[in-house]
Structure formats: C-alpha cells, structure tokens
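Q: I am new to this structure and would like a guided tour. Could we go through it step by step?

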Amino acid sequence: METHYDNPELKSGIVDSSGLTLWYTPELRRHDAAVIMAGDDGSAELAVPPGLSEYSINSMCHPSCTAQVFPPEGITVFANVLHTHLVGRKVQVRQFRDGKEIGDIGQDNQYDFNYQQIRSFNPPKIVKPGDSIVVHCSYETRSRNEMTFGGIETKDEMCLGWIFYYPKVAMSVCSSHVNAIDQLRAVHYPNLDSLLLQNNGQLSDNDFKNAMMNVTWSPAMVDLLQKAQTQAGHQFSCASVDPSKNVIVSDAPFPSNLKLMVNPEPDCFPSAAVGHAAGQTAIWLSALSCTLVLISGRLI
C-alpha cells in the first residue's frame, strides 16, 4: 500500500481518517493477481510545452516484453486505474496485436485528477504474448507559462495505466519514453552539439530541462515536438522480478505500422419506433443518455 499526501498550502491540523480492511483465508485462490504499471511514470523526458489546449504523449509496453513473460494463454485483465496529474485531460490504454488495434484496456476522455478510481471490466480482457500496450495521454496547459516535465510532484506529470490482472507474472513495470536528445534535435536546438561535446555525448535531466525551457514555443515548434513523440527514438523497458528477464530496447523507433481501430459512434436515435407510450419514453431516455455520453466522452 502506498499513500501520497499533498499539502501545498502547508495547512496544519489536517487529520487523515482513511483506512482499509484486509480479508484473509487459509484457502488460496487458484491464481495470484498482480498489477503492471504501463506508461511513463514521470521521466524527465516527458515534456509538455506551455499555453496549449491539447498536447499528446505516447508510451508503449513493447511486444518483446509481453512475449518474454506472459504465459501462452495470455493474462486476464479485470480492472485498471488511469493516472496523470493536474494538466491531464484524456488517458487511453490501447491494445495492439500484429500492429493492429484490437481494443482498449481503459479510456477516459474527461479525466479529472480529483476523481481517480479503479474501473472493472465485465467481461475481462485477454492480453497475449507479443501484444503491445500503448498508453496515450492528452494534456491542456493553457494556464501555465512554463514547461511541464515528468516527475513525482503534483505539478509535474505522468502518463500511466495500472493494469490489474491474473495470473501473476514476473513483470511489474512496462514503459517507454522519447529520447531526450532526439526531442532537442526535433526542435533544432542550436547549442545541442556543443552541450553534448562538453558532457561526453550525454545529456543530464537538468541539461534537457534547461534547454527545453529556452525554446520559444511557436506553433511550428510545438508541432515539431509533437511529431517527435512517434517519430523519434524511444527507450522501451520492462522491469521484472527476475533481473535476468529485464528487457531494455534503446533508441528504437515507435512502431509506425500501428493501425488504430475506428469505433463507430452509437446510433442515438434508432429509426425503429415503439407503439406504446412507455416504449417511446424508453427510447427518448436512451437517446438522451447516449447523447450525453457522446458529449462528455466515453468512460470505461
């Protein structure tokens, strides 16, 4: 169990009354359940320019990770928790097989940091060895005048989907982030080569952040950085309980062959009519509910 407390105004006298109840039994379940953290858990390379109505980040659980640790029949996913911080507006966890999207493992198009929850699936979803999981997050930074970077503080950002599943496998984290040097090359940062020369070809987190904060974020520059999210090199990694099974794929391109599935919008006003008044009322109530879903965004 992990609990975070955030008290930016340093108020005193606040008492936490939360808690939990643990149930135990001598009769073990058939499977142990576990959680995989997919996405970007706040790397410095997660960089969102200021003043934008929408900017997207992509992170992937690489198919080489799932191929190595998932059982032949796959894992059964029964719930998720979607997570960004304060400027996150949308989170989608998408499942791909052989380069084609076959469904999602969670989606919230009206994400609110203050209303995070565990969402269960019925029926559950199966993720097989070799499948890839893409976590897609959208941010809105119109209220900010400076860059937003990944990190653990609430003012920083993340892009995560916690996946609840069984049977338990030897993997707890599966993630990727865009190479920092590739991001600076994408926006034509003028001092990059001299900066790398001074640091033996390496770029520290602070050097990256300082460089990004010195960029003038015109619409053209934002577009270049946004394209780098899928065109620049990613570092893919998955952390295993057994270190010998860790997979790290450095500077690999984000797969360009991913085909997104188009979900048709539901027909809110079916042509079939029902003759009696109760049936008509049911149709209009259903239509109203459907329309509200389309307006607010689909929640799973």
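Q: What share of the contacts in the chain with a separation of 6 or more is between residues 24 or more positions apart?
A: Such pairs account for 78% of those contacts, where contact means heavy atoms within 4.5 Å. Please note that this is a predicted model, in which local features need pLDDT of at least 70 and side-chain atom pairs count only at pLDDT 80 or more, while totals for chains, interfaces and linings use all residues. Residues are numbered from 1 along each chain as its sequence is written, and side-chain values use heavy atoms, with hydrogens and water left out.

Q: What is the average pLDDT?
A: The chain averages 84, and 81% of the residues score at least 70. The term pLDDT is the predictor's confidence in each residue, from 0 to 100. Over residues 269-275 the value is below 50, and this stretch has 9 contacts beyond near neighbours in sequence. Residues 293-300 also stay under 50; for them the model has 23 contacts beyond four places in sequence.

Q: How many helices and strands are there?
A: The chain has 6 helices and 13 strands. Both are DSSP runs numbered from the N terminus: helices are H or I with at least four residues, strands are E with at least two.

Q: And how much of the chain is buried?
A: Buried residues make up 43% of the 300 residues. Buried means under 20% relative accessible area, exposed over 50%, and partly exposed in between (1.4 Å probe, protein chains only).

Q: Which residues touch the most other members of the largest nonpolar core?
A: Met171 and Met212 do, in a core of 51 residues. Strand S8 (residues 132-139) supplies the largest share of this core, 4 residues. Apart from it lies another core of 6 residues, including Met60, Phe96, Val134 and Ala252. A nonpolar core is a set of buried Ala, Val, Leu, Ile, Met, Phe, Trp, Tyr and Cys residues joined through side-chain atoms within 4.5 Å.

Q: Why would such side chains sit together?
A: In soluble globular proteins, nonpolar side chains tend to be buried together.

Q: Back to Met212: what is it in contact with?
A: Leaving aside neighbours within four places in sequence, Met212 contacts Ala47, Met147, Phe149, Gln183, Leu184, Trp217 and Leu225.

Q: Phe208 next, please. Is it buried or exposed?
A: Phe208 counts as buried, because its relative accessibility is 2%. Phe208 belongs to helix H4 (residues 205-213). Beyond four places in sequence, Phe208 touches Ala44, Glu45, Ala47, Phe149, Ala180, Gln183, Leu184 and Leu203. Phe208 and Ala180 are 28 residues apart along the chain, yet their C-alpha atoms are separated by 6.7 Å.

Q: Changing topic, how many salt bridges does a search of the whole structure find?
A: The search finds 10. A salt bridge is a side-chain nitrogen of Lys or Arg within 4 Å of a carboxyl oxygen of Asp or Glu.

Q: Which parts does the Arg119 and Asp108 pair tie together?
A: Arg119 lies in strand S7 (residues 119-127) and Asp108 in strand S6 (residues 100-108), so the pair ties together parts that are 11 residues apart in sequence. Their N to O distance is 2.7 Å. Arg119 is buried at 12% relative accessibility, and Asp108 is buried at 4%. Elsewhere, salt bridges that share partners join Arg89, Glu140 and Arg142 into one network.

Q: What about Lys11 and Glu9: buried or exposed?
A: Lys11 is exposed, with a relative accessible area of 52%, and Glu9 is exposed at 59%. The closest N and O atoms of their salt bridge are 3.5 Å apart.

Q: Which peptide bonds are cis?
A: The bond from Asn122 to Pro123 is cis, with omega near 10 degrees, and Pro123 is found in strand S7. The bond from Tyr166 to Pro167 is cis as well, with omega near -10 degrees. Pro167 lies in the loop between strand S10 (159-166) and strand S11 (173-178).

Q: Lastly, where is His188, and what is its phi?
A: His188 lies in the loop between helix H2 (180-186) and helix H3 (192-198). Its phi is near 55 degrees, a positive value in a residue other than glycine. His188 counts as exposed, at 57% relative accessibility.
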